[in-house]
Amino acid sequence: MPAQSVWIIRLSLAWLSLATLIGSILLVHKAVDLQPAMWALLPLHFETAIWGWAVQLAMGTAYWIFPRHLVGTKRGPEKLVWWVLILFNTGLIILLAGYLHQSVLPLKLTGRGMMTFSVIIFGISMWSRVKSYSSHTN
Amino acid sequence: MPKVTRLFIKSGFIYLFLGIVMTLVAELPQVNTSALLLPVYWHMIVIGWVTQVIMGVSIWMFPRRKRSRENIESVSVLLSFWTLNTGLILRFSAEPFIPLFHGNSAIVLVVVISSLLHIAAVFFYVIEIWPRVFTREKVKRKKQ
């Protein structure tokens with residue numbers, strides 16, 4: 001498994017743990033009213049579960065498992081995927097901060113922008129690896 | 001495919017079926033409880049189906065340092081399956097009734113146990129998978 005996939009998958013496991021913790025707190029809060037402000041955590045639960053866990057795990061696994069190039073670097077531009085990891089996770093953290101802190105700074109927009117940019121880079125770097133090794137390639 | 005993977009995927013199919021049936025029920029004009037069912041069917045699909053299939057397939061496909069029977073069916077994997085599914089059953093049997101019986105001690109107890117089981121399931125899964133996410137270079141270095 002390449003180092004990029006190792007860290008993308010490990011980060012997705014960390015986000016899964018956080019998403020589960022927040023979800024469990026919210027479930028208990030639903031039954032016993034822990035703190036009125038607790039519902040502010042609901043969008044954090046969605047974002048961490050969907051983007052942090054499911055989407056990121058799929059990205060890490062795809063980078064590891066998709067067919068490799070037969071010439072040049074096996075998995076394409078390796079440094080770009082480190083940038084995907086950094087931009088995606090920093091963007092997600094900024095997005096979560098945007099939900100918690102309603103400041104004048106457009107935190108949510110910045111976070112979403114970074115995540116979008118990272119997904120575009122990921123798509124570009126993976127596009128040529130969506131292929132068949134057979135001679136009858138499509 | 002290891003037995004525990006089959007357990008994850010088959011129970012995943014059951015939750016997918018229940019989830020999709022519940023979305024259908026929630027659409028019926030005679031049903032006035034769509035809001036109560038919404039978190040139930042979303043969690044059936046996202047945890048019950050998607051997450052369980054991811055867990056089952058990753059336990060099967062991710063590389064193991066040692067290829068032995070006890071590594072395939074490790075204690076943490078089985079604990080992850082049983083805690084997750086017990087937690088989900090408790091959750092789905094209590095969650096729709098929370099607004100109707102708010103503060104009821106029996107419901108609160110079931111919800112708290114369910115939440116703890118969800119956390120435990122993820123903990124056991126991460127315990128299993130984390131050491132299996134490694135680079136080939138690391139293994140080579142250890143062998144030398």
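Me: Where does the charged end of A:Arg129 sit?
Reply: Over the ring of A:Tyr63, 5.3 Å from its centre. A charge sits over a ring if NZ of Lys or CZ of Arg is within 6 Å of the ring centre and within 35 degrees of the ring normal. This is a predicted model: local features need pLDDT of at least 70, side-chain atom pairs need 80 or more, and totals for chains, interfaces and linings use all residues. Residues count from 1 along each chain as written, chains are lettered from A and ligands numbered from 1 in written order, and side-chain values use heavy atoms, without hydrogens or water.

Me: And which ring face does A:Arg10 lie over?
Reply: That of A:Trp7, at 5.1 Å from the ring centre.

Me: Switching to ring pairs. How many aromatic pairs are there over all chains?
Reply: The structure holds 7. Rings of Phe, Tyr and Trp (its six-membered ring) pair if their centres lie within 6.5 Å; planes under 30 degrees apart are stacked, over 60 edge-to-face, the rest tilted. One of the pairs is B:Phe13 with B:Trp49, tilted, at 4.9 Å centre to centre and 45° between the planes.

Me: What does that pair tie together?
Reply: Parts 36 residues apart in sequence, because B:Phe13 lies in helix 1 (residues 3-27) and B:Trp49 in helix 2 (residues 34-61) of chain B. Helices are DSSP runs (H or I, at least four residues), numbered from the N terminus.

Me: Is B:Phe81 buried or exposed?
Reply: Buried, with a relative accessible area of 4%. Buried means under 20%, exposed over 50%, partly exposed in between (1.4 Å probe, protein chains only). B:Phe13 is partly exposed at 48%, and B:Trp49 is partly exposed at 22%.

Me: Which residues form an aromatic cluster with B:Phe81?
Reply: B:Phe8 and B:Trp82.

Key
Helix = DSSP H or I, 4+ residues; strand = E, 2+ residues; numbered from the N terminus.
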